[in-house]
Amino acid sequence: MNILKQTKQTSYSLENVLTFIIPSLIGIFLFIIPFSYKGELTIPVAILAKSVQGALESQLPMIMSIIVAITALLTLLATLIKPAFVSKSSFLSSLLLVSPIWIVARVLGTIFIIMTLFKVGPEAIWSENTGGLLLYDLIPVLFSVFLFAGLLLPLLLNYGLLELCGALFTKFMRPVFTLPGRSSIDCLASWLGDGTIGVLLTSKQYEEGYYTKREAAVIGTTFSVVSITFSIVILSYMNLEAYIIPYYLTILLAGFVAAIIMPRIPPLSRKADTYFEHAATNVGDETIPQGHTTFSWGFNQAVNRAKTTKGVKEFLHDGVKNILDMWMGVVPIVMALGTLALVIAEYTPIFSWLGAPFVPLLSVLQVPEAAEAAQTMVVGFADMFLPAVIGSGIESELTRFVIACVSVTQLIYMSEVGGLLLGSKIPVTFTDLVIIFIERTLITLPIVVIVAHILF
């Protein structure tokens, strides 16, 4: 009754209200409501993605290799020839007319993916622990996640849900995390679905003028958290399934502390509080006008946003653009940077050298087998699964628990989230990601170790 009364006061038709409520509820169900499916806690979008991935499992490496190669070819043609159909389209221009470093990355990604598909050239590039891990394990996941997340994201973005959450959660998110209330949806979508969904959601809102450069960088590197499902996979690999509840509570505690600290220290604190240059609108005002409660203003904003939508055609148009943007804009970068990072991890002692400073730190924190655990503190920058692979043979349960927790709370790993961030419009550099990764490690490690000593 209160909603209907508020609706009547602000002269909204029932159609306007339903245009907000129905798509938003469907979006919440698809992206945020978790339930158990085949013994795993997951969300409907992830189930749809896994279904397609399973059905096309043998074809996906070839499909994505073709998409990556076409992306590089079109990028080179658009850059050299600048055809009219590209320059006249804001979407094609943003997708294909990229900076020289991204042109190189797309070409390199194409070379790596073809070498891996056909197993030609140096084995270091295409082995099952480098390019093969990306092409046959990660990229099929990205194909299917981007397909459904990209297509269905407008349900969260376009019908008013974020406007409502922005009003409801700003009083918590702004003082605690220095972020708008709408960022709470990004975090939930990542946590319950996948970090890639969070990056996609954040990037789209940044490009549309809903986040400043600083806010987008903070959300992308702090709230695009690892999904519950993948966290459980890590724990299972470490043979610590019995500790699932304290494990996830530890991750939440460490992640919460990191999310409070990270926005307040460089490099994130030094990002400009200005909006994306090509955004159509800038939505920075979070004040609640007089005569409105937090809820009534959020509802008012939500219904106004829903009124601007133009039906199913616009929904599908936006969804397809999202899919192409992620398939063509992100996957080549993941292949290029992820392969290079994994080759370094697999075939050089660089990560062992980089991990050496953690030996005395782990010793001071009284973590058993500190020397063996040290390189796992840095190797996760290449791929989040590598610390579990390297650390699974460690005898100490306490040490394996520490590795499992830290590898998840570090968040920045180049084979997925790191590559996605660099491939998106979110304003973070490779150097930023290195520094953020180290900072997150130093912040979360003592918290995890304290909990581990209590448990074991």
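Helix H25 is mostly covered, with twelve of its 13 residues buried (under 20% relative accessible area, with exposed over 50% and partly exposed in between; 1.4 Å probe, protein chains only). The model is predicted, and local features require pLDDT of at least 70, side-chain atom pairs pLDDT 80 or more, while totals for chains, interfaces and linings use all residues. Residues are numbered from 1 along each chain as its sequence is written, and side-chain values use heavy atoms, with hydrogens and water left out.

H25 comprises residues 397-409 and reaches 18 Å from its first C-alpha to its last, close to the 18 Å expected at 1.5 Å a residue (1.5 Å times one less than the number of residues). Helices are DSSP runs of H or I with at least four residues, numbered from the N terminus. Among the buried residues of H25 are Arg-400, Phe-401 and Thr-409. Leu-411, which follows H25, has a positive phi near 65°.

Twelve aromatic pairs were counted, taking rings of Phe, Tyr and Trp (its six-membered ring) with centres within 6.5 Å; planes under 30 degrees apart count as stacked, over 60 as edge-to-face and the rest as tilted. Phe-143 and Trp-327 are stacked, at 4.7 Å centre to centre and 10° between the planes. Phe-143 belongs to helix H9 (residues 131-152) and Trp-327 to helix H18 (residues 312-329), so this pair ties together parts 184 residues apart in sequence. Phe-143 and Trp-327 are buried.

The ring centres of Phe-177 and Phe-223 lie 5.1 Å apart with planes at 85°, so this pair is edge-to-face. Both residues, Phe-177 and Phe-223, are buried. Together with Phe-172 and Phe-256, Phe-177 and Phe-223 form one aromatic cluster.

Technical notes. Helices (H or I, at least four residues) and strands (E, at least two) are DSSP runs, numbered from the N terminus.
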